[in-house]
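Which side-chain contacts and surface features does this model show? The report below goes through them by type.

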Amino acid sequence: MHYELKQGSLSDLPQVYKIIDDRIHWMDAVGIRQWNVTDYWECYPESYYEKAVHDGTLYVLKRTDDGQVVSVAVLYESDARWADQQGPASYYVHHLATRIGEKGAGVEMVRQCEQLAAEHQKRYLRLDCPIDN
C-alpha cells in the first residue's frame, strides 16, 4: 500500500472524526485507559480540528489509490508540556490515530512526519503520549 502525507482539509474532517471515534471505542474494547476516559470530544471538539485545518497543523495520511484517510495527527512547533522545549527546532505530534485494520499506517505516519520534519529543518520529532504508554 502506498501513502501520502498531506495537510488536512475541511473535507477530510468526517474521516478524521470517524478514525478518532473508532479508536476511542477500540480503547474501551481492549482495556486501554486513555482518550476513552478523558472526555476526549469535550476537550477536543470538532471546532478544535477545524481550527487545526485553518492553522495548517492538521496532517492526514492518505492512500494514494483511493484517497482515503488512514491516519491523522496534529503537528505543533511548540509544546509547553516538554521541559526542554525546543521551539521551532521540533515538531510535536498530537492526536495520532490510525484507521482500524490499516496495518502499518501508524509506522508510515510517523515515518512521513519524520521526513516532513527533516524537510522543514526540524531537529526533533516528539510524540505526545502518556508516560506509561
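This is a predicted model: local features need pLDDT of at least 70, side-chain atom pairs count only at pLDDT 80 or more; totals for chains, interfaces and linings use all residues.

Residues are numbered from 1 along each chain as its sequence is written, and side-chain values use heavy atoms, without hydrogens and water.

## Aromatic pairs

A pair of aromatic rings is described by the distance of the centres and the angle of the planes. Here, rings of Phe, Tyr and Trp (its six-membered ring) pair if their centres lie within 6.5 Å; planes under 30 degrees apart are stacked, over 60 edge-to-face, and the rest tilted. By this rule there are 8 aromatic pairs. One of them joins Y17 and W41 edge-to-face, with 6.0 Å between centres and 85 degrees between planes. Y17 sits in helix α1 (residues 13-30) and W41 in helix α2 (residues 40-43), so the pair links distant parts of the chain, 24 residues apart. Helices (H or I, at least four residues) and strands (E, at least two) are DSSP runs, numbered from the N terminus.

Burial is set by relative accessible area: buried is under 20%, exposed is over 50%, and partly exposed is in between (1.4 Å probe, protein chains only). Y17 is buried at 13%. W41 is partly exposed at 27%. Ring pairs also build a cluster of Y17, W35, Y40, W41, Y44, Y48 and Y49.

## Helix α3

Y48 and Y49 from that cluster return in helix α3 (residues 46-55), where Y48, Y49, A52 and V53 are buried. Seen down the helix axis, the buried residues of α3 fall within an arc of 145 degrees, so they line one face of the helix. The arc is that of the directions from the helix axis to the C-beta atoms. The face turned away from the buried side of α3 carries the exposed residues K51 and H54.

## Salt bridges

Side chains of opposite charge can pair when their charged atoms come close. A salt bridge is a side-chain nitrogen of Lys or Arg within 4 Å of a carboxyl oxygen of Asp or Glu. The structure holds 7 salt bridges, including those in the table.

| Salt bridge | N to O distance |
|---|---|
| D22 and K18 | 2.8 Å |
| D66 and R63 | 2.7 Å |
| E77 and K122 | 2.8 Å |

D22 and K18 are 4 residues apart in helix α1, so about one helical turn separates them. D22 is partly exposed at 27% relative accessibility. K18 is also partly exposed, at 47%.

E77 lies between β3 (69-76) and β4 (90-98), and K122 between α4 (105-119) and β5 (124-127), so the pair ties together parts that are 45 residues apart in sequence. E77 is partly exposed at 40%. K122 is buried at 12%. Salt bridges that share partners join R63, D66 and E102 into one network.

## Charges over rings

A charge sits over a ring if NZ of Lys or CZ of Arg is within 6 Å of the ring centre and within 35 degrees of the ring normal. K122 lies over the face of Y91, at 5.0 Å from the ring centre. R126 lies over the face of Y124, at 5.0 Å from the ring centre.

## Surface patch

Patches are made of residues with over 30% relative accessible area and no salt bridge: like charges are joined within 9 Å, nonpolar side chains (Val, Leu, Ile, Met, Phe, Trp, Tyr) within 5 Å. Areas come from the Shrake-Rupley method with a 1.4 Å probe; for residues, only the protein chains shown count as cover. W26, V30, I32 and I100 form a nonpolar surface patch with about 320 Å² of accessible area together. I32 is in the loop between α1 and α2 and is partly exposed at 31%.

## Backbone angles

Most residues other than glycine have a negative phi. D39 has a positive phi, near 50 degrees. D39 lies in the loop between α1 and α2 and is exposed at 53%. Phi of Q121 is positive too, near 60 degrees. Q121 is in the loop between α4 and β5 and is exposed at 63%.
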